[in-house]
Amino acid sequence: MKGNYKMKKIFQFVSVATLSLVTLTGCLKEIDPQSDYVTIGQAGDAPGAFENFVAAITNTMAGQFVYSASNQYPYDYGYPSFFLMRDVMGQDIVLEDTGNEWYSTWYQCGTGLGPLYAVCQLPWTYFYGWIKSCNDVINMAGTEPSDSQRSGVGIAYAMRAMYYMDMARMFAQKSYAIDPQAETVPLVLETTAQSDLANNPRATNEVMWAQILSDLDKAEIYLDGYQRTDLLTPDISVVYGLKARAYLTMENWQMAEEYAKKAQAGYQMLTEDQFLSRTDGFNTPDNNSSWMLAVQFEDDDPCIINNDGDSSWGAQMIIEVSPSGCGYAANYGSPKRIDYHLYQTIPATDFRKKSFIDFAIDDMDETAALAALSEYSDQPEGILSTAVATTSGVVGGLEVKFRPKGGEHTLQKVAFQVGVPLMRVEEMMLIEAEAAGMQNEGRGIQLLTSFAKQRDPNYEYGAHSHEDYGSSYATAFQNEVWWQRRVELWGEGFSTYDIKRLDKGIIRSYANTNHPEGYRWNFGIYDTNGGSIHPNWMDWCIVGTETDYNAACTNNPTPIMPTSDSPEYAW
């Protein structure tokens, strides 16, 4: 399915939050949870019902057409799609200005993100559907789960906390520590009556994060001793990791440090060989000791089987399948690139720089370029053909962080059967360092330096502390941690969250920028957004049907795209 997603107004959808007490039969992977319904009483009589409902919590996180099976949109493939929606709103991912870029609505950050447009329905459909599955499991088990139900209930509480944590950070206009009374989204719990949904206000940060921590406390109890068989469901370490994320956002530094450290037990950082592997790099959940939680695209997933596999994460992020002729990144001219300035700030001695194609290769002749590209890929000719399909025609900044399964370059439906990390131990190490440093800077610097030297043996603290992106909220030490997070976790969905909690601006306009004309904005550098620095388009709008059916639900302002490029920023 080539062709850019056109901004489309919606009037036909009914809010999933408003209908979220209807039980969804997403128990089995092949059932469409948006169209088939069953009552708890009916489902409870089915063999293996409880286990099927537990499976429904996570089995639509990747590979299913949850939003619109009939349209097979190339961004309708699950949880990792939201990584890109959030990350392209900042500056660290650069999109080509082409007609085939399906994430352009989020990159352009204009009225297409408003409540009358279809993209607003996406998070509402996905997240409240997932939350409904969690509520079903909690309801089925009751207040005293049996021994056989404890782990399932623990998974439900952990995942509900994770889903609400995402929604709170996407929809609140200010992060918890900046304004505890800022509104997030309506809470729908297992105890929420259907009659309450028509008058269900957005929970404040204070109320929402209290609920998140309450759920995680329960998950910690119910998952104690649980041994999972794969990384596709949470265990106690993931609960610790979610608590670390929550306390980081809340700036409870002592608790953030404690839980980030606990979460690391049994895990190890990716080595250079693992990080840069051409066969297993960021595509294999069970082949490293770093990943803590993941999703997996399978050979029978609708998003792999249909639409030539183009409705999948691999189609957006894997560029090494050029002979297949498919894939938006590899063949249709819409790969994701690293921001030129961020790339230039990565020292040559930092092995993570090898995840992105050197901009200097564009100044070489074809023979020299192919030789240079062979240092990045077994398919250097394909990298050149990927570049030729883009508007800019250059290879500089193309990412090879996310590799095709097993190094498959020809059969895209095999290449795209990859895993995607949702939590890694490296994130926990950086949370621990930031939290420690906000209590005792010397101790934080020591932890951060220890982490960074495993990526760059020549690392010296302080090189990035001055890059505040207009923010006076974050300390110089936090700027240094933020830079590590931007490089380490690039493309993994953290950009908007960090920009909002640290109240950063963005910089896309500067000398030699690779952001296309018309989208070179420096927001929050010269002015503020109502007393806040971060761009207002990062405060997601609630779909209009929710506010239509829910009288107590307010909304965020529709973002307005800047009308012109900004003057070049001088670093």
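Which helices each supply at least two residues of the lining of the largest cavity? They are α6 (150–171), α7 (205–222), α8 (236–250), α17 (425–437) and α20 (495–501). This is a predicted model, where local features need pLDDT of at least 70, side-chain atom pairs count only at pLDDT 80 or more, and totals for chains, interfaces and linings use all residues. Residues are numbered from 1 along each chain as its sequence is written, and side-chain values use heavy atoms, without hydrogens and water.

**Terms**
- A cavity is a set of points on a 1 Å grid over the protein atoms alone where a 1.4 Å probe fits but cannot get out; lining residues have an atom within 4 Å of a point.
- Points join across faces, edges and corners, and a volume is the space filled by probe spheres set on them.
- Helices are DSSP runs (H or I, at least four residues), numbered from the N terminus.
- Ala, Val, Leu, Ile, Met, Phe, Trp, Tyr, Cys and Pro count as nonpolar, Asp, Glu, Lys and Arg as charged, and the others, Gly among them, as polar.

**Largest cavity**
- The whole structure holds six cavities of 30 Å³ or more.
- The largest has about 130 Å³ of space.
- Its lining has 19 residues, with Arg 169, Ser 175, Thr 249, Tyr 497 and Arg 501 closest to the centre.
- α20 gives the largest share, four residues.
- Eight lining residues are nonpolar, three polar and eight charged.

**Second largest cavity**
- Its volume is about 110 Å³.
- The lining includes Asp 87, Asp 92, Trp 482, Arg 485 and Asp 498.
- α19 (476–488) and α20 each supply at least two lining residues, and α19 gives the most, three.
- Five lining residues are nonpolar, two polar and five charged.

Notes:
On a 1 Å grid over the protein atoms alone, a cavity is a set of points where a 1.4 Å probe fits but cannot get out, and a pocket is an open set with protein on both sides within 12 Å along at least five of seven lines; lining residues have an atom within 4 Å of a point.
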